[in-house]
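Thanks for asking me to look through this one.

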Number of protein chains: 2
Amino acid sequence: MPRLPAASVTVDLVVLTIRDRALHVLLVERGIDPFAGAWALPGGFVLADEDLDAAAHRELAEETGVAQGIHLEQLRTYGAPGRDPRGHVVTVAWLALAPDLDEPAAGSDAAGARWWPMDAVVAGDVALAFDHAAIVADGLERARAKLEYSSLAAAFCPPEFTVAQLRAVYEAVWGVAIDPRNFHRKVTGTPGFVEPTGGTIAEGAGRPARLFRRGPTETLHPPLTRAQS
Amino acid sequence: MPRLPAASVTVDLVVLTIRDRALHVLLVERGIDPFAGAWALPGGFVLADEDLDAAAHRELAEETGVAQGIHLEQLRTYGAPGRDPRGHVVTVAWLALAPDLDEPAAGSDAAGARWWPMDAVVAGDVALAFDHAAIVADGLERARAKLEYSSLAAAFCPPEFTVAQLRAVYEAVWGVAIDPRNFHRKVTGTPGFVEPTGGTIAEGAGRPARLFRRGPTETLHPPLTRAQS
DNA sequence: GGGGTTATCGTCGTAGTGACGACAAACCAC
DNA sequence: GTGGTTTGTCGTCACTACGACGATAACCCC
């Protein structure tokens, strides 16, 4: 058997959630070099004979403490030489969409972990290690695009949610205001997008909202267009 | 510096083209074990300190003999343990869309290379090595989806093409018949999708068709829906 | 109860699409 | 040439979906 060229393979996670009506991304503070003190995406090396999605799920559970109810999909793979000073490291990036979780527990190899507002990260207010700024940007764009033609927005919501909560997801991810009446018509009028549970919930002032859960529909035809208003 | 876990990294290419109004995929016949005699996607190992897209472009040029005018985008990364009997091999798959090329030249490490009709490959009439059947399926689905909301269909066409040629791309990739009049209206009515060159071309019977080239528009708003007829 | 707030339902005008008719401009057979 | 065939291009019509926005329902606080 010939000897094969080798590189190190890691997984990195772009974990997104909505907090206080704004999009946030989970970052960990690096405790060791390279980039000690900088913020990085949660991730780590793929173990021997470990599948890539298994590694992603493992890292996600380690960082968030939550193993289920989180959407996880492969984003893209990055392997530019020099992206990691330790050598040729290829990283498979994943996109995770989570409902609002509690503060993350610090991982064993990280000095700390916290949710950062996406606005601050995109604006460059956070020093990011490696090429993680580009990975975050790709993850954001993927999330924005996927909301258009899929029912993925519900992945940011708890199992039961209101139309207003779902609308808040779109507004936070897209950064635009959406007309509540037209959004309500689209969401409830698309067969299988959401299903009423029969219950209602009152959140502060205003008429109580009906509760819904995710329906079987995965794709939206026609899509929700991003240039709504 | 700690010793890092290592795996082998390869690139594999799903190269699609339209031949005789049908979608085809480029496959090479393996000359060596594992899977000697089976058909596989063109690809190979990523060299030391080589970027992933550089490796993909290099393999594409080696297999097709054409270096430019071919759309290339990353598809997905596959790393299930056991997908390669030689050990833990992670492959970064790429999707390439090419205009109708001549018969490919056999690569140095392949016994032969040829275009296979996608229908035959999907139907399982071709013995595919590794997990390449799944990769081809993912590439096909990506191409089908991208035609909806992007101007990527022109990547299957020569620099100057007719509306009918572009329509043939959609019909071949989607496997459906499209109304020529509505398609013509959509294509010519979307600003920046195609630009008339001023020339015309007569292909056999019928009125000569105007020639177009690709316009600056990359995305289609609203998209072309796949359920046209 | 009155005012404020949010949820939900309707209405209207318009853009985009599917179905399909009509004409234009080439080819072929005779 | 003449007529029939084939393919490209333009137009019409009905229907759907959406943006803008009015109206009503059902709660809160005071």
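## Notes on the model

1. Once its neighbours within four places in sequence are set aside, T91(A) is in contact with T10(A), V11(A), D12(A), R76(A), T77(A), Y78(A), R83(A) and I135(A). One thing to keep in mind as you read on: this is a predicted model.

2. Where does T91(A) lie? Its place is in strand 6 of chain A, residues 89-97. T91(A) is buried, its relative accessible area being 0%. The side chain of T91(A) also makes a polar contact of 2.7 Å with the side chain of D12(A).

3. T10(B) belongs to strand 1 of chain B, which covers residues 8-19. Is T10(B) buried or exposed? T10(B) counts as buried because its relative accessible area is 7%, and the cut-off for buried is under 20%. The side chains of T10(B) and T91(B) are joined by a polar contact of 2.7 Å. Not counting residues up to four places away in sequence, T10(B) touches G44(B), F45(B), V46(B), V89(B), V90(B), T91(B) and V92(B).

4. Stepping back to the domains, chain A splits into domain 1 (8-148) and domain 2 (150-214). The contact draws on 18 residues of domain 1 of chain A and 14 residues of domain 2 of chain A. Taken over C-alpha atoms, the centres of these two domains of chain A are 27 Å apart. About 1400 Å² is buried between domain 1 and domain 2 of chain A, with 70% of it on carbon and sulfur atoms.

5. Now to the DNA, starting with strand C. Which residues come nearest to DNA strand C? Of the 25 residues around it, they are R181(A), R210(A), R181(B), R185(B) and K186(B). Of the atoms of DNA strand C that come within 4 Å of the protein, sugar and phosphate account for 58%. By class, the residues of the surface near DNA strand C are 7 nonpolar, 8 polar and 10 charged.

6. Some individual atom pairs at DNA strand C deserve a look. At a phosphate oxygen of DNA strand C, the distance to a polar side-chain atom of T225(B) is 3.5 Å. Elements giving two or more residues to this surface are helix 4 (163-174), helix 5 (180-189) and strand 9 (209-214) of chain A, along with helix 5 (180-189) of chain B. Helix 5 of chain B gives the most, with 4 residues.

7. For DNA strand D, 24 residues lie around it, and R181(A), R185(A), K186(A), R181(B) and R210(B) come nearest. The surface near DNA strand D has 7 nonpolar, 7 polar and 10 charged residues.

8. Which element supplies the largest share of the surface near DNA strand D? That is helix 5 of chain A, with 4 residues. A base nitrogen of DNA strand D lies 2.7 Å from a polar side-chain atom of R181(A), and a base nitrogen of DNA strand D is 3.1 Å from a side-chain N or O atom of R207(B). For R210(B), a backbone N or O atom is 2.9 Å from a phosphate oxygen of DNA strand D.

Terms used:
Residues numbered from 1 in each chain as written. Chains lettered and ligands numbered in written order. Predicted model: local features only at pLDDT ≥ 70, side-chain atom pairs only at ≥ 80, totals over all residues. Heavy atoms only, no water. Near = heavy atom within 4 Å. Polar contact = N/O pair within 3.5 Å; in protein donor to acceptor, adjacent residues only side chain to side chain. Nonpolar A, V, L, I, M, F, W, Y, C, P; charged D, E, K, R; others polar. Buried < 20%, exposed > 50% of the residue type's maximum accessible area, 1.4 Å probe, protein only. Contact = heavy atoms within 4.5 Å. Domains from an automatic or database assignment. Buried area = accessible area lost by both parts, 1.4 Å probe.
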